[in-house]
Amino acid sequence: MLRDRAMQRTLGLFFRRQRDRRRRGLTCCPGDKMNNVDIVYTMATNLKKTGEMDVGQVGFVKDKEVRKMHVASRDNDIIRRLNKTREERKPDLIVEREERDRQERLKQRKVTQEQKEREKEEDKRRREEAERR
């Protein structure tokens, strides 16, 4: 009974972590078919890659943001459930970047337009005060 509860807590934590990883857009680890592995969770923005590093080697910007989990043996039930919810995307990065840049330009244009309107109102208010004097 105690072992089952411990296993349930472990699986619950595992699924919560997987759900959080899916929400953040992270994919499943490639070593899911291996036993006795350490899984490292971190955000993509926390990865550090320099030119002198080997292929496949990465570092971390902030070690506090790195979460490590040791998996002693592979559990096929978990793997099957994860594979059912797996979502693989092949984004068109050029289109996404152009869209993001367009949105940023629209925001900037709106901000400058509002600033110009405020300046016009301020000038109008100053002229009215000057005429009153």
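Modeller: A salt bridge is a side-chain nitrogen of Lys or Arg within 4 Å of a carboxyl oxygen of Asp or Glu. Keep that in mind, and remember that this model is predicted.

Biologist: Let me start with the overall layout. How many helices and strands does the chain have?

Modeller: There are 3 helices and 4 strands. Read from the N terminus, the order is α-β-β-β-β-α-α.

Biologist: What share of the residues counts as buried?

Modeller: Buried means under 20% relative accessible area. Here 12% of the 133 residues fall in that class. The accessible surface of the chain is about 12300 Å². Carbon and sulfur atoms hold 49% of that surface.

Biologist: And how do I read contacts along the sequence?

Modeller: Look at how far apart the partners sit in the sequence. Take contacts between residues at least 6 apart. Of these, 56% join residues at least 24 apart.

Biologist: Back to salt bridges. How many does the whole structure have?

Modeller: The search finds 9.

Biologist: Show me one. Which residue forms a salt bridge with R102?

Modeller: E99 does. The closest N and O atoms are 2.7 Å apart, and that is within the 4 Å cut-off.

Biologist: Where do R102 and E99 lie?

Modeller: Both are in helix α3, which covers residues 93-132. They are 3 residues apart, or about one turn of the helix.

Biologist: Which side chain meets E122 in a salt bridge at 2.1 Å?

Modeller: That of R125, with the distance taken from N to O. E122 and R125 are 3 residues apart in helix α3, so about one helical turn separates them. E122 is partly exposed, at 28%. R125 is partly exposed, at 38%.

Biologist: Which side chain meets E122 at 3.6 Å?

Modeller: The side chain of R126, also in a salt bridge. E122 and R126 both lie in helix α3. They are 4 residues apart, about one turn of the helix.

Key: Residues are numbered from 1 along each chain as its sequence is written. This is a predicted model: local features need pLDDT of at least 70, side-chain atom pairs count only at pLDDT 80 or more; totals for chains, interfaces and linings use all residues. Side-chain values use heavy atoms; hydrogens and water are left out. Helices (H or I, at least four residues) and strands (E, at least two) are DSSP runs, numbered from the N terminus. Buried means under 20% relative accessible area, exposed over 50%, partly exposed in between (1.4 Å probe, protein chains only). Contact means heavy atoms within 4.5 Å. Accessible areas come from the Shrake-Rupley method with a 1.4 Å probe; for residues, only the protein chains shown count as cover.
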